[in-house]
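This briefing concerns a predicted model. Please examine the sequence and the structure shown below before reading the notes that follow.

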Amino acid sequence: MKLTRPAPKGATDFGALTVSLKRYPETKPLIVFVLVLFVFSGFFSGNAQLWAQAPTWQQIPIPKLPAFHPAQPKRIELPNGMVVFLQEDHELPTIDGTARIRGGERSVLANKTGLIDVYGEVWRTGGTKSQTGDQLDDYLEQRAAKVETGGGVDSTTVSWSCLKEDFNDVFRAFEDLLKNPEFRADKIGIAQKGLYDAISRRNDDPGQIAGREAAKLVYGANNPYARVPEYATVAAVTRQDLVEWHGRYVHPNNIILGVVGDFDSAKMEARLREAFASWPKGQAANDPEIKPEPAKPGYYEVDKTDVNQSNIHMVALGITRRNPDYFATSVFNEAFGGGFSSRLFGDIRTTKGLAYAVGGGVAAGWDHPGMLRLMVSTKSKTTIESIQALDEEIADLGKRPINDEEIKRAKDSILNSFVFRFDSPAKVLQEKMAYEFYGYPLDFLENFQKGIEKVTKEDVARVAAKYIHREQMSVLVVGNVNEFDKPLSSLGTVTKLDITISPPPPGLVPEQGEHP
């Protein structure tokens, strides 16, 4: 019987049924539970047949990925060789720009390692000939804007970010910093002290040690892609070095400038031509020829007694993105060691329970080989067992190649996440600038999806056999040697690596709290 009147005070209303619980308050929780169960059981029973007819998630049709057609930036090349990309984006009233300049740490002499770190900081903090870095800070803060500089292994950058209405003011500051930096001496000292502190602490993190020493095994200890700053090399950097570097590399024919934001391309082009067209060319930057000198394959050990887990890296030389195998290795990497659904994760972490983290693959660099690297992070007492588990996975590739299901899952993962890597005009612009910088076809991005889709099971098996050679790999272990399940020497000859930080030169005393 349905009660149409409202529930009286002290009663619970279940729509079609109202029950008074006022007389028996102690039984209210139990009765409420029974009534809720009664009501919902009717709902479930009435819908059970419909649910039984509903498709499972495997039966839900998945549409084919749409064609990838990102907004294309406008490319302009000025008579002096400067290349400009303009990417309109009117979603927000902002304008951002980045100038990427050829020449980076790999072109620095070994005895000045760290020069680009100092240069990248002091270029901004040192200000310009017309205003100090502190004055520039105040000028930009009043406009909620940024002008920043930085440096890397193959290039340096100077960038800005501002509201559309402040573009002219901020761009003038950007142009002044690009052409007229001052590199004030007091800011050089501050930058050097920051690097001294980083040097003193570089052996605190076992993961950082493993990454650094693995690079040395692959490229060579003195290779620009692996060497690290020392107290002496940073102390050797002078203001004259920074001035000479800027004069050597910062010329329009060494610059790629990208601008994205809320502007009209024709007006922006006119403004940039006004600023840079008359800037004379300079000496073109030449990329140095750097040959890797890999260490002899074997076992390498760093004894770190203050940890209870081991970082294991199996490493060798990888490939470049120009390699025709780039797409096939991308699929292999994802299937073998790329994520939660990868073979390494499923076998070593989930099934065997050996690893906190596990993964890796054949990395591809832009203009030099990346690193082939398989990594496991495990507790100290399963170090040797984890190495042997990796060995088994590598050997198993020949007996049990990556199968169709793994290939499909890997390709779906790559392609479905691809859009999020380039889901804004700014991201597309940065990628196009990279193609220009490294000399790749400007449609490389658009062809990525097609390249991945074309990869077959046979392609993946071929690249696995071509690049994964256990006997050619170096095995690095960073951990507490005394707590290993077995000595590393039980697997082969071990080379112990010395990671002691070289002491500072005479007269250079680290700040309090720093330790050589």
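Glu 446 counts as buried because its relative accessibility is 16%, and the cut-off for that class is under 20%. The residue belongs to helix H15, which covers residues 444-453.

- An open sheet is formed by six strands with mixed pairing, in the order E3-E4-E8-E5-E7-E6.
- Strand E3 (74-77) and strand E6 (146-151) are the edge strands, each of which pairs on one side only.
- From one strand to the next, the twist averages 15 degrees.
- Four bridges connect E3 with strand E4 (residues 83-88), and the two pair in the antiparallel sense.
- Within this pair, Lys 74 stands opposite Leu 86 in E4.

**Helices packed on the sheet**
- Helix H2 (residues 115-125) packs on the sheet and touches strand E5 (94-102), E6 and strand E7 (155-163).
- The direction of H2 makes about 165 degrees with that of E6.
- Helix H14 (residues 425-438) also packs on the sheet, where it touches E3, E4, E5, E7 and strand E8 (255-261).
- Between the directions of H14 and E8 the angle is about 170 degrees.

Terms used: Residues are numbered from 1 along each chain as its sequence is written. This is a predicted model: local features need pLDDT of at least 70, side-chain atom pairs count only at pLDDT 80 or more; totals for chains, interfaces and linings use all residues. Side-chain values use heavy atoms; hydrogens and water are left out. Two strands pair if DSSP finds at least two bridges between them. Axes are lines fitted to C-alpha atoms, for helices over the stretch in contact, and angles run from 0 to 180 degrees between N-to-C directions. Contact means heavy atoms within 4.5 Å. Buried means under 20% relative accessible area, exposed over 50%, partly exposed in between (1.4 Å probe, protein chains only).
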